[in-house]
Amino acid sequence: MDRDIDAKSELVETLSSEMTTIKRKLTEIKAQIDQTQIMVDREQQRNSDIATDIENIKNNLDTVPREDIRDKYNEALDARFRLATMRGQLEKFQSHATQLEGQQTILGQILGRLQGVSSLDADLDEDSNGVGPSSLNVVRIVQAQEEERQRLARQMHDGPAQSLTNFILQAEICQRLFDRNPDRAAEELSNLKTAASVTFQKVRDFIFDLRPMMLDDLGVVPTVRRYVDSFREKNDIATEFEFIGEERRLESHREVMVFRTIQELMGHARDYATASQLKIKLDMASSTVRIAVQDNGRAFDAEAIFSSEDTHLDGRGQGLLTMKEKFDLVSGSISVLSSENDGTLVRVELPAGQ
């Protein structure tokens, strides 16, 4: 009996993992479809405009210079090639999406039969049958992790993924143009190089947000300074950073906690409070590391968040709850003051360790 239960659990876990992978791929490919559709619509309009120009040339054939006729003809051929290439790419993406949706439906039906009525929400409804605060903490942590994954996925789809889609299309266009129109091919390659440089910088910023290498090499203080400078450049928020004490290294996991805490609180001020001013203070003058992040944005009921067992919180509520639970594990603390007049002030304390 136990073996059957273990086999069923293992199968459910495998199917759930596969469903997550398919969902992620679908999100990526739908973003590619949307971007490619925009480009197809743009090229269709370009072809329509060129057709109008050609009709005008046809009606005035005796007065239009031969060079202009030749240029318009080459432009029409180029536009037709671009449109055909993009339509082919769009059809390929759409076919792949349809295939993934079919797989998702089948796996969902199988998973539903295996799980029956069991689900996360059903488990939460059974609080009186043994689901206590520790289970709710696990749920909140899982939800916070999933929201972070979704945020990162959206950033990838809106940035590098769409840019790479454009690279593929431009590369195919260049390949077709090399023999027919070398000058135009060179122009397309130049545009591709410029776009690649911009995307490369975006990817570097994205990697820094995920895990800055300088955190391991130089420590938390230079990393926070760099992040604050980058945040200030990218957002319309007056951001100040103040450091107190002497720069020193902490244990690796403590440096990660300090950096991630500041990063997340700054993100809260931008995404949820819509703040226009932000002040960050990092105090390492004593055996306790103290962090203070203050914004002038929209206030919220922090006391209700920390005292509530509701798992359906927004990203800020989930983030603060998860943050508090992590700091409790290392004998740290977090306090929040939020009012309409003064904005929000979050104070965090963390023992510096050895």
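## The cavity and its lining

With three residues, α8 gives the most to the lining of the largest cavity. The model is a predicted one, and the count comes to one cavity of 30 Å³ or more, with a volume of about 60 Å³ for the largest cavity.

The elements that each supply at least two residues of this lining are α8 (252–271), β3, α10 (315–329) and β5 (343–351). Residue by residue, the lining of the largest cavity consists of Leu265, His268, Ala269, Val293, Asp295, Phe300, Arg316, Leu320, Thr344 and Val346, and these divide into six nonpolar, two polar and two charged residues.

## Asp295 in its surroundings

Asp295, which is one of the lining residues, is found in strand β3, spanning residues 288–295. Asp295 counts as buried because its relative accessibility is 5%, where the cut-off for buried is under 20%.

The side chain of Asp295 reaches the backbone nitrogen of Gly297 at 2.8 Å.

## The chain as a whole

The chain has 10 helices and five strands, and 37% of its 354 residues count as buried. Among contacts between residues at least 6 apart in sequence, 70% join residues at least 24 apart. The accessible surface of the chain comes to about 21300 Å², with 50% of that area belonging to carbon and sulfur atoms.

Notes: Residues are numbered from 1 along each chain as its sequence is written. This is a predicted model: local features need pLDDT of at least 70, side-chain atom pairs count only at pLDDT 80 or more; totals for chains, interfaces and linings use all residues. Side-chain values use heavy atoms; hydrogens and water are left out. Helices (H or I, at least four residues) and strands (E, at least two) are DSSP runs, numbered from the N terminus. Buried means under 20% relative accessible area, exposed over 50%, partly exposed in between (1.4 Å probe, protein chains only). Contact means heavy atoms within 4.5 Å. Accessible areas come from the Shrake-Rupley method with a 1.4 Å probe; for residues, only the protein chains shown count as cover. A polar contact is a pair of N or O atoms within 3.5 Å; within protein, one must be able to donate a hydrogen and the other to accept it, and residues adjacent in sequence count only if both atoms are side-chain atoms. On a 1 Å grid over the protein atoms alone, a cavity is a set of points where a 1.4 Å probe fits but cannot get out, and a pocket is an open set with protein on both sides within 12 Å along at least five of seven lines; lining residues have an atom within 4 Å of a point. Grid points are joined across faces, edges and corners, and a volume is the space filled by probe spheres set on the points. Ala, Val, Leu, Ile, Met, Phe, Trp, Tyr, Cys and Pro count as nonpolar, Asp, Glu, Lys and Arg as charged, and the others, Gly among them, as polar.
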